[in-house]
Every structure is written in structure tokens, then in C-alpha cells.
Amino acid sequence: QVQLVESGGGLVQAGGSLRLSCAASGRTFSSYAMGWFRQAPGKEREFVTTISRSGGSTDYADSVKGRFTISRDNAKNTVYLQMNSLRPEDTAVYYCAAGLGGKNYRSYNYWGQGTQVTVSS
């Protein structure tokens with residue numbers, strides 16, 4: 001069992017930056033690939049990025065490639081999402097997830113409660 005708690009969301013102007021954190025409970029954090037997904041009002045949940053168990057492999061949605069960076073610290077049981085050059089269309093609730101990895105949300109077994117990111121124009 002893994003419990004995930006996101007933090008770091010907020011309101012930022014377009015072009016600004018935010019860093020999201022996701023802290024995991026338990027001693028098995030390094031056993032899971034981690035992912036970030038987002039969901040805007042009226043839209044389906046959308047893949048953002050994922051990182052392998054060791055942190056050696058990452059993948060990004062085209063819409064965030066070059067602007068967002070995922071990283072993890074297995075010693076701290078934490079995964080991060082650095083978001084730069086934010087755009088109004090990045091506005092959403094951001095969720096971290098633990099599981100097998102990949103772009104399909106069905107591959108993730110555990111989810112955080114989400115953190116709101118709002119980008120004003």
C-alpha cells in the first residue's frame with residue numbers, strides 16, 4: 001500500500017514556474033514507477049509525465065515537453081514536477097500516481113488527492 005500526498009500547487013501568471021511535490025508513504029516507493037496526470041474542468045484525465053523506478057527513464061506528453069521536468073528522490077520517497085513557462089492551458093488539478101508506469105492511467109494503482117494549478121493570462 002502506498003499513500004501519496006501532492007503539494008506545491010497554486011496560482012501563477014503565464015510564463016511563471018511552479019514545483020509540485022508528491023510525498024509517498026511506505027518503504028516500497030522505489031518499487032514503483034511514478035507518473036503525473038492532470039484533469040481540467042470538463043476534460044478527461046491527461047497524461048503529463050512518468051519516471052521509471054530508478055529515475056533513469058522519463059517520458060513526457062508533447063504538450064509539456066521542454067517545459068516540465070519530472071524527477072524523484074527515492075531516499076526521500078518523493079517525486080517532483082518542475083513546471084516552467086506555464087501557460088493558461090496548463091490549468092488543471094494535477095495528480096501523482098504510482099504503478100507500472102507508462103501513459104495509460106490504468107497502469108497506476110495508487111493516486112494522490114490532487115493539487116490545483118491555475119495559470120492566469
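User: Is Phe-47 buried or exposed in this structure?

Analyst: The model considered here is a predicted one. Residues with a relative accessible area under 20% count as buried. The relative accessibility of Phe-47 is 11%, so Phe-47 is classed as buried.

User: How many aromatic pairs does a search of the whole structure find?

Analyst: Rings of Phe, Tyr and Trp pair if their centres lie within 6.5 Å. When the whole structure is searched, the number of aromatic pairs found is five.

User: What is the geometry of the pair formed by the rings of Phe-37 and Phe-47?

Analyst: Planes over 60 degrees apart count as edge-to-face. The ring centres of Phe-37 and Phe-47 are 5.7 Å apart and the planes stand at 75 degrees, so the arrangement is edge-to-face.

User: How many residues apart in sequence are the parts that the pair of Phe-37 and Phe-47 ties together?

Analyst: Phe-37 belongs to strand E4, residues 33–39. Phe-47 belongs to strand E5, residues 46–51, so the pair links parts whose separation in sequence is 10 residues.

User: What is the geometry of the pair formed by the rings of Tyr-108 and Trp-111?

Analyst: Tyr-108 is buried at 4% relative accessibility, while Trp-111 is partly exposed at 25%. Their ring centres lie 6.2 Å apart with the planes at 65 degrees, so this pair is edge-to-face.

User: Over the face of which rings does Arg-45 lie?

Analyst: At 4.4 Å from the ring centre, Arg-45 is placed over the face of one ring, that of Tyr-105. At 4.6 Å from the ring centre, Arg-45 also lies over the face of Trp-111. The rings asked for are therefore, under the criterion for a charge over a ring, those of Tyr-105 and Trp-111.

User: Which side chain of opposite charge is nearest to Arg-72?

Analyst: Arg-72 is located in strand E7, residues 68–73. Arg-72 is buried and has no salt bridge; such a bridge requires a side-chain nitrogen of Lys or Arg within 4 Å of a carboxyl oxygen. At a distance of 8.3 Å, the nearest side chain of opposite charge is that of Asp-73.

User: Which backbone oxygen lies 2.8 Å from a polar atom of the side chain of Arg-72?

Analyst: The contacts of Arg-72 beyond four places in sequence include Tyr-32, Ile-51, Ser-52 and Arg-53. The side chain of Arg-72 reaches the backbone oxygen of Arg-53 at 3.4 Å. At 2.8 Å, the backbone oxygen is that of Ser-52.

Key. Residues numbered from 1 in each chain as written. Predicted model: local features only at pLDDT ≥ 70, side-chain atom pairs only at ≥ 80, totals over all residues. Heavy atoms only, no water. Phe/Tyr/Trp six-rings, centres within 6.5 Å; stacked < 30°, edge-to-face > 60°. Helix = DSSP H or I, 4+ residues; strand = E, 2+ residues; numbered from the N terminus. Buried < 20%, exposed > 50% of the residue type's maximum accessible area, 1.4 Å probe, protein only. Lys NZ or Arg CZ within 6 Å of the ring centre and 35° of its normal. Lys, Arg positive; Asp, Glu negative; His and termini not counted. Polar contact = N/O pair within 3.5 Å; in protein donor to acceptor, adjacent residues only side chain to side chain. Contact = heavy atoms within 4.5 Å.
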